[in-house]
Amino acid sequence: MDSSRSPSVRPAHTHGVLLLAVCVALALLLAGCRATKPAADPYADIRQAWRPGFELSAAQLAAMPSYSITVTIDPAQRAYTGTLELTLPISTTQPLTDLYFRTYPNLYAFGGELQINGASVNGANVNFTSAASRTAVQLVLPKPLVHGDTARVWLSFLGKVERESKAGEYTIFGINEDIFSLTNFYPILAARRGTGWALDVPYVHGDVGFHDAALYRVQVTMPPGLIVAATGSELSRTVDPAGWVTAHYVIGPAREFNLLMSATFQVLETETLGTRVRSYFKAEDGAAGQSALYDAIAALQIYSDRFGAYPYREMAIVQAPLTYHGMEFPGISLIGSQVYNKFTKDLETLVVHEVAHQWWYNQVGSDQVLSPWLDEGLAEFSMYYYYAGRYGEAVAKRLRASRWETPLASVVQRGEDQPIGLPVWDYEGNYETLVYGKGALLFATLQDELGAAAVERLLRTYVQQYQWQIATPTDFQALANRIAGRNLDAIYTEWIYGSPTQGQ
Ligand SMILES: [Zn+2]
């Protein structure tokens, strides 16, 4: 074998040259392949917030507003500072001469402060002025934005929690019960209503406003020792030498991003249908924290089955300083502390109502100011499916009678009945009985009229057709007519508008 080595030197050398040439050609080919391959997925991080099986195309994602927020939070100083970049594809038919961002912490009910320190659009500094009783900021554009443009908005902001909340006081924003609640803490792009901006000053009841579904990448820096309940998925976490933590969260599509933090939260979690469900609660309320988890899981399963899948990898139920009220946010439901330790019989109904908003408000958006019945009535009516699915039809029927029909009958008896289709400010003390209860009864009436299967098909189709959009009452009514195969205007008139002339 050794003797054959010498003569083989030359051929081997020739082979080496050939091999080198082949390698170079291959390398060039591969480089060429790389050049023609699509670029790396720009939404790879966002996709990590999705439940396995949930899908949206890159084109759908590219059409949405996309936020990138960096914020440093110092609960000891009751303050936070941050910057926000929003990539906004312009899809309005008319040119935009200004942009509005909501600054809800300035609202009296929030008791805080959100100041804008600087703003630019596509690299040019822009003037900004406060509007809508300081619950909005107007950015005046140097030149109008037109359909097909992309605006790159940069804002720097400073937030403060000014008012000291008292124990037992409703605190949607601020510090109470050892919980730092930062809901709607950053400047949120205002929604469009028709050809203008929706800039209502939030009313005493009802939700603060409504927003377009968007993508969120949020970097939060905070002191050590805090348990955080955030919208979306935490992708990474680093700790600096002083112990301060920087965490990255992603979510989307979602209508807002929210953070609640406390050094004393306890957490229980379990997984169902590809979603990790977490319950955050105070140590002394552990039994209720556990019940909230189980109720949320059952609701998630039943609603996914009836209305279509829940989109995210995460879902949280969080004990919050909201007395006995609840509040929905994307992927996160805040449940008032008092139903964990005082009005515990209301815990289940509150949890499953709020979880239903993951479909009616987050997936299918609606104008919660002008038409609050559309999301509240549906969130409330969803409970019928929950109780029927978990405890049987008879229990669901009792819920309908005790929670919706009896209170409405007494409102009617007092001569205080109103149609459900009015804006939030047209209601007084009977807001929940009318918008929630009577709202739910409209859907129950459709069920009586069209049959359970048709109404279920209607709700599933409503999600498929209007997912991540803002649906109007007219959209819903037209779809219901189509599914029913007949005109239901007499029902809409009776329940929603009160008289044939009082439409929309
Ligand atoms: Zn609600």
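I looked up how helix α6 (residues 347-356) meets helix α7 (residues 372-391): they pack at an angle of about 115°, axes 8 Å apart. Axes here are lines fitted to C-alpha atoms over the stretch in contact, and angles run from 0 to 180 degrees between N-to-C directions. That makes α6 roughly perpendicular to α7, a label for angles of 65 to 115 degrees.

I note that this is a predicted model: local features need pLDDT of at least 70, side-chain atom pairs count only at pLDDT 80 or more, and totals for chains, interfaces and linings use all residues. Residues are numbered from 1 along each chain as its sequence is written. Helices are DSSP runs of H or I, at least four residues, and strands are runs of E, at least two, numbered from the N terminus.

Next I listed the contacts (C-beta atoms, placed from the backbone, within 7 Å). From α6, Thr349, Val352, His353 and Ala356 meet Ala379, Glu380, Ser382, Met383 and Tyr386 of α7.

Then I turned to helix α12 (residues 489-497). Which residues are buried there? I found Tyr492, Trp495 and Ile496. Buried means 20 or more other C-beta atoms within 10 Å of the residue's own. Among the elements covering these residues are α9 (431-450) and α11 (473-484). After α12 comes Gly498, with a positive phi near 80°.

Last, I checked Ala316, in strand β21 (residues 314-320). Ala316 counts as buried because it has 24 C-beta neighbours inside 10 Å. Its C-alpha is 5.8 Å from that of Ser279, 37 residues away along the chain. Leaving out residues up to four places away in sequence, Ala316 touches Ala229, Arg278, Tyr280, Gly331 and Ile332.

Terms used: Parallel < 35°, antiparallel > 145°, perpendicular 65-115°, else oblique. Contact = placed C-beta atoms within 7 Å. Buried ≥ 20, exposed ≤ 12 C-beta atoms within 10 Å, placed from the backbone.
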